[in-house]
Amino acid sequence: LHVRSGNSRVCVDTVEGTHPVRRVIPIGETLPLFAGETGRILLSGLSGAELAQQLKAADATGLDIETLRSQVADARQHGW
C-alpha cells in the first residue's frame, strides 16, 4: 500500500506473498510517483497540471510518456 508524499509515493503497508519468488517492498521505501503500477493509479487522481508535472519528470528519466499517459487514462476510465 502506497500513499502520495509530494512528488513521491511511500510504502506504508505490505503483505508478503507465499510464493518462493516474490518482491517484498519494505515499509518506508520511497519511489517516484510515476514509477510502477501503483504510481500509475496514484497519477490517475491528479489534476491536469499535476499530471503534466509528473509526465515531465518521467520523461526526464527516459520513460515513454505517451504510454504512461495512456495507462493513466485507462486507469481513470476503469476507476482503478
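I looked up what covers the buried residues of helix 1, and the cover includes strand 2 (8-11), helix 2 (48-60) and helix 3 (65-78). Contact here means heavy atoms within 4.5 Å. Helices (H or I, at least four residues) and strands (E, at least two) are DSSP runs, numbered from the N terminus.

This is a predicted model, where local features need pLDDT of at least 70, side-chain atom pairs count only at pLDDT 80 or more, and totals for chains, interfaces and linings use all residues. Residues are numbered from 1 along each chain as its sequence is written, and side-chain values use heavy atoms, leaving out hydrogens and water.

I then asked which residues of helix 1 (residues 36-43) are buried. They are Gly39, Arg40 and Leu43; buried means under 20% relative accessible area, exposed over 50%, partly exposed in between (1.4 Å probe, protein chains only). These residues cover an arc of only 100 degrees around the axis, which puts them on the same side of helix 1. The arc is that of the directions from the helix axis to the C-beta atoms.

Next I checked Leu55. I find that Leu55 touches Ile65, Leu68 and Arg69, with residues up to four places away in sequence not counted.

Last, I looked at Glu29, which sits in the loop between strand 2 and strand 3 (30-32). Glu29 is partly exposed, at a relative accessible area of 22%. I noted 5.7 Å between the C-alpha atoms of Glu29 and Val10, which are 19 residues apart along the chain. Not counting residues up to four places away in sequence, Glu29 touches Arg9, Val10, Cys11 and Arg23.
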